[in-house]
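Please work through each task before reading its solution.

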Amino acid sequence: MNFLIIALIALGVTGLLASVLLYFVAQKFKVEEDPRIDLVQDVLPGANCGGCGFAGCRALAEACCKASSLDGLLCPVGGQEVMTKVGDILGMTPQAADPMVAVVRCNGTCTARAKQNRYDGTLSCKVINSLYAGETACPFGCLGCGDCVEACQFGAIHINPETGLPEVDDEKCTSCGACVKTCPRHIIELRKKGPKNRRVFVSCVNKDKGAIARKACLNACIGCGKCEKECQFGAITVENQVAYIDFTKCRLCRKCVAACPTGAIHELNFPPKPAPKPATTEAEAKAKVEDKAETKVEAKAEAKVEGNTKAEPVAKEVKQ
Amino acid sequence: MKTFNIGGVHPHDNKQYSAHKPIEQVPIPEKVVIPLVQHIGAPAKPVVAKGDRVLGGQLIAEAGGFVSANIHSPVSGTVTKVDSIVDAWGMRVPAIYIDVDGDRWLPEIDRTETVNPICKLESQQIIEKIKQAGIVGLGGACFPTHVKLMPPPGKKAEVLIINGVECEPYLTCDHQLMLEHSEEIIIGIQLLMKALGVSKAIIGIERNKPDAIAKMQQHATHTLGVTVEPLELKYPQGGEKQLIDACIGKQVPSGGLPIDVGAVVDNVATVYAVYQAVQKNQPLISRVVTVTGKQAARPGNYLVRFGTPLSVLINFAGGVPEHTGKIIGGGPMMGRAMCNIDMPCNKRVSGVLMIDEDEALKHEPLNCIRCGKCMKACPMGLEPYLLAKQAEHGLYDDLEKRHVMDCIDCGCCVFTCPSYRPLLDYIRLGKAEVGARIRARQQKK
């Protein structure tokens, strides 16, 4: 009995002394931390995906609290909504940012790009890319092993078994950029989501000369420059035999889509085009250019399309 | 018998198919295409244009930097275009197209077979001649030879090691070269010794080539300072660092070069090319290539002019046999399966190996069982299972700490792995990334 009491007292006194000591030590070595960091972190999605460019959500929260303005700081997963909340906590207004989405710029489907050899090694795009050009003749195109699918933490990418190409789910994509970083061929790009998810982009990155690119893939961009001439907003540039549409300048008029002889330019989520009156879709796409000269050029473009009898790509796109 | 100390494996050498087959000359095709990337370093810059007439041995592209090499025309003819060509792995490389009109040579080139042992040139002149002739290491790495012969200031070469090991299974081109041109190789060694200012040279040859050892010894006994070192069989003995360990018992430090232990290593084929360049004024325009395989119709060693499509070479050697699963450029350990055999032969190609469908079958990779066989086999003393995992997960800092850059791509780890794991695929990825990071860091400085 005696032992028990002695032990209890000894332990109790030691505990008391230690707690007093710890209290003073805690006061002495207290780390001053901005209490807002925790608040901001609570608002952030907590995915720790690194899409913002920081190591994780906590690192972004710290950066937000340290910064004098929220310019250049953006959580791509939470988007504008979350940044507004962060702004409320910190008393700052976030920079207005367009919602972005990952876009796969390759349309070398199984039918368009014939296989020339059989690969039986490690199923990883990175490994194939380090070894050789791939199973098809296009050394720039998608390898189809799904490194991007694996990289996506949000389950937004899947490989379409029919085409063999990855497809991005607009709703699930948070534009964190993990797929962009992982793709060894730099095919995936973050582009503006666009009004009603409508987008126009060149679905090819083949830098070979037109004839060679076309031989390798029926859907390749051959760098003919027709779209560049067609675009009135200077949004399209052809460099290294491949066209690129600058999404900050593109007004979604879709004339380039019709002008493209190989169907390399894709339009997404547009309603089916009423054949006789293309001007209505134009209005929907909020391109406010409505003078006479404009309609004339358009008429010309239509004529060209008919002349080329290449309305097929548009139809294909709608099907998708 | 000597050999290197760390790791190594014993693959079946399979040299019986093409061993002792005399070197045969492949006829010159009507058109040749010369790729401008045939070496490590910057691509060569073309110095001819469309319509130019060239003679055999004429310079057609000059070195594009310090680590680069000249390229010469292997035939006489007319340049039809300077464009690009798809290489054996589907990638486009710049190339010069020549329509062949014959086999006329520049007048100063000596095309006779007479052996010329007398050389009155100074060290610098020899190096300059080697540089002009566009000679690169023909053992596989294709590193420009003249760069090796000019050690950085403060370092001195003490011994020249000649690589006649040919540890890669199936390949016999170096073996046959040693049998047919031993005298020239010994003269080439003397030239290199003079260029480097060293008094000692060791020729390392594995003991599965007793006739080559005897032949080289016979000529070496009359030559001061040159010895032949018969070596125990073990792959990858032909690796530069392994050969130095085997011959002189010194280990090249991690991240270092052979010159750090006073050694310079050159392949026998390179030495033969040096002899031809210095004594015969003939630049590097052809090499011996082994075409082999279990089912190959006429396996053997063929002297091929650069620019000859590999398909022409294969057809000359009896064509692609039925049920061929893969055609590999190089040997089975370090070579890579090719997807385009229309690629022209160049300085990089040492062998064409055609393997059967069932030989080419790959096993499904299983889980790593941590048996440690790969560590035991690694000739550089690395931990391949760990490096592969780290590379797969992008842990590049850890990879660098664990000396991933020391990996010599020999493939011993994959050869020995009981779970058939693709270790080297991932280690190579890691090496590429870590190498890029190191270069970026150096550039910042």
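**Exercise 1.** State into which domains chain A is divided, and describe the contact of domain 2 with domain 3.

*Solution.* In this predicted model, chain A comprises domain 1 (35–90), domain 2 (98–190) and domain 3 (194–320). Next, consider the contact of domain 2 with domain 3 of chain A: domain 2 supplies 15 residues and domain 3 supplies 16 residues. Finally, classify the side of domain 2 of chain A that touches domain 3: seven residues are nonpolar, five are polar and three are charged.

**Exercise 2.** Determine the strand order of the open sheet in chain B, and explain why β1 and β16 of chain B each have one side without a neighbour in the sheet.

*Solution.* The six strands follow the order β1-β14-β13-β17-β15-β16 in chain B, with mixed pairing. Strands β1 (24–25) and β16 (336–337) of chain B lie at the edges; each has a single partner strand, so one side of each lacks a neighbour in the sheet.

Now turn to one pair within the sheet. Strands β15 (residues 324–329) and β17 (residues 351–356) of chain B run antiparallel and are joined by five bridges. In this pair, Thr324(B) is opposite Asp356(B) in β17(B).

**Exercise 3.** How many residues does each of chain A and chain B give to their contact?

*Solution.* Chain A gives 15 residues and chain B gives twelve residues. On the side of chain A that touches chain B, six residues are nonpolar, six are polar and three are charged.

Key
Residues numbered from 1 in each chain as written. Chains lettered and ligands numbered in written order. Predicted model: local features only at pLDDT ≥ 70, side-chain atom pairs only at ≥ 80, totals over all residues. Domains from an automatic or database assignment. Contact = placed C-beta atoms within 7 Å. Nonpolar A, V, L, I, M, F, W, Y, C, P; charged D, E, K, R; others polar. Pairing = 2+ DSSP bridges. Helix = DSSP H or I, 4+ residues; strand = E, 2+ residues; numbered from the N terminus.
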